[in-house]
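Thank you all for coming; I would like to take you through one model this morning, and I will go from its charged pairs to its sheet.

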Amino acid sequence: FLEFQMADVGRLSLSGDALIDYLKGHDAAVIALEPMTADVFAALPSLKVIAKYGVGFDKLNLAEMRARGIKLGWTGGVNKRSVAELVIAFAISMLRGVPMANAEVRSGTWRQVIGPQLSDCTVGIVGCGHVGKDLGRILRSGFGCRVLAHDVLDFPAYYAETGVEPVTLQVLLREVDVVSLHVPFGIGSQKLIDAAALTQMKDTAVLINTARGGLVDEAALKAALMNKKLFAAAFDVFTSEPPEDQVLLDLPNFLAT
């Protein structure tokens with residue numbers, strides 16, 4: 001099995017020949033973000049089962065798996081609470097200027113940094129799957145936020161239960177104080193938040209991406225943050241990982257994990 005091994009240098013992440021060498025001769029693999037390409041499958045004829053941890057199948061060549069009869073095991077929502085809690089942490093941190101205040105105190109600046117309470121904000125959830133639904137419940141029941149949601153599917157029972165309001169993406173971007181992305185990466189979602197979408201958002205808004213890199217045009221995001229067209233952003237995923245745009249990473253109104 002492919003396991004996530006912790007060492008002094010950090011988490012082991014394999015790809016290409018290293019991934020093939022590790023899995024050679026095994027019948028099953030447990031993976032998260034390892035790229036299981038056609039070349040990998042071709043080099044592993046004994047592989048019969050893949051168990052996928054986490055959200056999204058964009059790292060799996062599903063057509064190749066079907067052609068080779070490789071079975072896929074996946075349980076939706078197993079990490080929904082951890083992602084939802086990270087979004088809450090991001091939202092509060094950026095609304096209240098926590099990273100900025102921390103940097104200022106460390107550099108010798110002593111002043112009060114203020115910002116709105118999350119409980120007074122309207123939050124927009126783009127993608128109402130396992131994580132999006134869990135986040136909506138936390139925001140509604142725990143913080144009393146007004147929550148807007150956009151999804152290509154309709155979830156009337158969930159909306160009635162929670163008070164989350166379904167809207168178009170344009171309405172969501174225009175009205176909310178915090179936007180959190182929870183959609184898979186693929187056709188139709190690549191650069192879903194581009195320069196045009198960013199101009200629809202309030203200049204006091206916070207954009208959060210814990211879903212997949214590539215959902216946001218990072219060059220357009222950098223320009224919006226630098227030109228004060230967007231208040232702040234916090235990302236846990238990037239188009240290229242690890243991220244390579246040092247200018248974006250160094251912006252005081254951008255938080256990266």
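Which side chain meets that of E165 in a salt bridge? The partner is R146, at 3.0 Å from N to O, where a salt bridge is a side-chain nitrogen of Lys or Arg within 4 Å of a carboxyl oxygen of Asp or Glu. Distant parts of the chain are linked by this pair, since E165 lies in strand β8 (residues 165–166) and R146 in strand β7 (residues 146–150), 19 residues apart.

Before I go on, please keep in mind that this is a predicted model, in which local features need pLDDT of at least 70 and side-chain atom pairs count only at pLDDT 80 or more, while totals for chains, interfaces and linings use all residues. Residues are numbered from 1 along each chain as its sequence is written, and side-chain values use heavy atoms, with hydrogens and water left out.

When I speak of helices (H or I, at least four residues) and strands (E, at least two), I mean DSSP runs, numbered from the N terminus.

Coming back to that pair, E165 is partly exposed at a relative accessible area of 29%, and R146 is partly exposed at 35%; buried means under 20% relative accessible area, exposed over 50%, and partly exposed in between, with a 1.4 Å probe and protein chains only. Salt bridges with shared partners also join R146, E165 and E175 into one network.

The structure holds 11 salt bridges, and one of them brings together the side chains of K48 and D27, at 3.3 Å from N to O. Here K48 sits in the loop between α2 (38–42) and β4, whereas D27 sits in the loop between α1 (16–23) and β3, 21 residues apart. Both count as partly exposed, K48 at 47% relative accessibility and D27 at 44%.

A further salt bridge, between E64 and R68, has an N to O distance of 2.8 Å; the two are four residues apart in helix α3 (residues 62–68), so about one helical turn separates them.

Let me turn to the sheet. Three strands form an open sheet in the order β3-β4-β5, with parallel pairing, and two strands pair if DSSP finds at least two bridges between them. The edge strands, each pairing on one side only, are β3 (28–31) and β5 (71–74). Between β3 and β4 (residues 49–52) there are four bridges, and A29 stands opposite I50 in β4.
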